[in-house]
Amino acid sequence: MSEIRDIPLKSFHESKGARFVPFAGWNMPVQYTSIIQEHLAVRKSVGLFDVSHMGEIILTGAQCEDYLNHLLTNDFSALEIGASKYSMMCYPDGGVVDDLIVYRLGQKRYLICVNASNIDKDFAWMLEQRSGFDVSLADESDQYALLALQGPRSQEFLQPLVADFDLSSLGRFHHMSVTIAGVELLLSATGYTGEDGYELYIDAKEAVTVAEAIAQRAETMDLSDFYCGLGCRDSLRLEAGYPLYGHEISDSIDPITAGLGWTVKLKKPNDFVAKDALQTIKSAKPQKRVKFYKLNDRRIARQGEAVWLGEAQVGEVLSGTFSPIAGVAIGSLMINSDCVESTEIEVRLRGKPFKVEIVKPPIK
């Protein structure tokens with residue numbers, strides 16, 4: 001087995017009462033108080049996540065834009081310095097290598113944030129696709145710590161720590177360099193909870209200084225359940241309808257089937273990896289669709305659970321959890337396209353049927 005690695009702020013999180021679990025090769029905080037309490041803190045106030053396990057790949061060179069438009073499904077022709085964009089990276093058959101965010105740092109410099117479990121695979125694929133482009137790639141994942149401050153009070157929380165910059169002027173999916181406690185870092189108005197918030201890309205060697213400044217600010221605001229783990233991160237993202245690699249998207253689930261066709265720009269001038277395959281899938285219309293759902297019960301349907309219409313299996317669960325906001329179990333499923341509108345689909349948990357209601361996120 002591969003060695004489980006520690007995030008740069010492990011001791012800091014231990015001091016805040018974190019319980020750790022192995023995840024994507026890292027020892028990660030899963031919760032501090034309770035998943036439900038942390039979830040509600042993010043929805044109603046503000047919470048802090050450590051997501052330093054995510055990968056950071058730096059792209060430089062004269063042909064960055066052309067390379068990105070070849071590599072990824074979205075269109076990067078008009079991405080300005082200080083802006084970022086979400087995209088899929090696909091195999092030629094349309095299957096997803098990973099979903100990621102690209103940040104344009106400078107004229108010829110970009111940061112690409114990828115999923116923790118895919119760092120090595122993604123970097124190898126990016127290098128393979130580099131042929132013919134004047135670009136360089138560097139995996140700098142070990143040099144970063146990444147904190148995510150999420151919730152409706154996140155701007156109120158962070159503003160005193162970046163007094164030299166008006167946070168209200170930073171638009172969604174934009175970023176800039178700021179200084180917190182004397183440490184320069186990249187502040188981005190992005191996140192994975194469905195709430196307003198920020199992600200802080202910090203030099204790993206300076207992470208403790210920034211974390212302690214954030215902790216002091218939390219004390220002055222007398223916040224409860226401020227520190228949040230991976231447990232509520234999953235329930236938050238499902239309420240918001242966000243995909244997780246290996247569940248709603250994978251090497252066998254393309255972005256059209258996943259309901260993420262808005263990330264696929266088939267009309268952009270550049271040919272790109274998977275363009276032909278995705279055009280075919282879109283034209284033929286997928287026979288299956290990824291959808292989000294609510295159950296009429298608190299019991300959770302886990303990944304792989306069969307979805308039924310009468311005695312015919314018409315799909316399977318991709319993700320499942322309990323929603324503190326909806327008060328019932330929620331999740332995602334892959335279902336036959338001709339059954340999407342049915343009001344009679346169900347899952348059977350320990351032999352008992354539970355009605356599945358397909359809903360459009362955010363789930364409330």
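What follows is a dialogue on reading the cores, helix faces, cavity and backbone features of a predicted model.

Me: Which residues have the most contacts inside the largest nonpolar core?

Reply: A nonpolar core is a set of buried nonpolar residues joined through side-chain atoms within 4.5 Å. In this structure the largest such core has 59 residues, and Leu-59, Val-102, Ile-112 and Met-126 have the most contacts inside it. Strands S5 (55–60), S6 (84–90), S7 (96–106), S8 (109–114) and S10 (144–150) each give two or more residues to this core, as do helices H3 (64–71), H4 (119–128) and H7 (230–240). S7 gives the most, with 6 residues.

Me: Which residues are included in the second, separate core?

Reply: Leu-9, Ala-145, Leu-167 and Phe-226 are among the 37 residues of that second core.

Me: Back to Met-126. Is this residue buried or exposed?

Reply: Buried means under 20% relative accessible area. Met-126 has a relative accessible area of 0%, so it counts as buried. This residue is found in helix H4. Leaving aside residues up to four places away in sequence, Met-126 touches Ile-57, Tyr-67, Leu-71, Met-89, Leu-100, Ile-112, Val-114 and Leu-137. For a distance in the fold, take Met-126 and Asp-6: they are 120 residues apart in sequence, and their C-alpha atoms are 26 Å apart in space.

Me: Which other residues of H4 are buried, and where do they sit around the axis?

Reply: The buried residues of H4 are Ile-119, Asp-122, Phe-123, Trp-125 and Met-126. They lie on the same side of H4, because they cover an arc of only 165° around the axis. Asp-120 and Glu-128 are exposed on the other side of H4. The cover over the buried residues of H4 includes S5, H3, S6, S7, S8 and strand S9 (136–139).

Me: Which residues of H8 are buried, and which are exposed on the other side?

Reply: In helix H8 (residues 275–284), Lys-275, Ala-277 and Leu-278 are buried. These residues line one face of the helix, because they fall within an arc of 165° seen down the axis of H8. On the other side of H8, the exposed residues are Asp-276, Thr-280, Ser-283 and Ala-284. S6 is included in what covers the buried residues of H8. Just after H8, Lys-285 takes a positive phi of about 65°.

Me: How many cavities of 30 Å³ or more does the structure hold?

Reply: Rolling a probe the size of a water molecule over the atoms shows where empty space is left. Here there is 1 cavity of 30 Å³ or more. The largest cavity has a volume of about 30 Å³. Its lining consists of Met-28, Pro-29, Phe-49, Asp-50, Val-51, Cys-228, Gly-229, Leu-230 and Arg-233. Strands S3 (26–31) and S4 (47–50) and helix H7 each give two or more residues to that lining. By type, the lining residues divide into 6 nonpolar, 1 polar and 2 charged.

Me: What are the phi values of Ala-24 and Arg-350, and where do these residues lie?

Reply: Ala-24 has a positive phi of about 55°, although it is not a glycine. The residue lies in the loop between strand S2 (19–23) and S3, and is partly exposed at 32% relative accessible area. Arg-350 likewise has a positive phi, near 55°. Arg-350 sits in the loop between strand S18 (345–349) and S19, and is exposed at 90% relative accessible area.

Me: Which residues are joined by a cis peptide bond?

Reply: Pro-361 and Pro-362 are joined by one, with omega at about 5°. Pro-362 is in the segment after strand S19 (352–359).

Definitions and conventions:
Residues numbered from 1 in each chain as written. Predicted model: local features only at pLDDT ≥ 70, side-chain atom pairs only at ≥ 80, totals over all residues. Heavy atoms only, no water. Buried < 20%, exposed > 50% of the residue type's maximum accessible area, 1.4 Å probe, protein only. Helix = DSSP H or I, 4+ residues; strand = E, 2+ residues; numbered from the N terminus. 1 Å grid on protein atoms, 1.4 Å probe; cavity = no way out; pocket = protein on both sides within 12 Å on 5 of 7 lines; lining within 4 Å. Points joined across faces, edges and corners; volume = space filled by probe spheres on them. Nonpolar A, V, L, I, M, F, W, Y, C, P; charged D, E, K, R; others polar. Arc of directions from axis to C-beta. Contact = heavy atoms within 4.5 Å.
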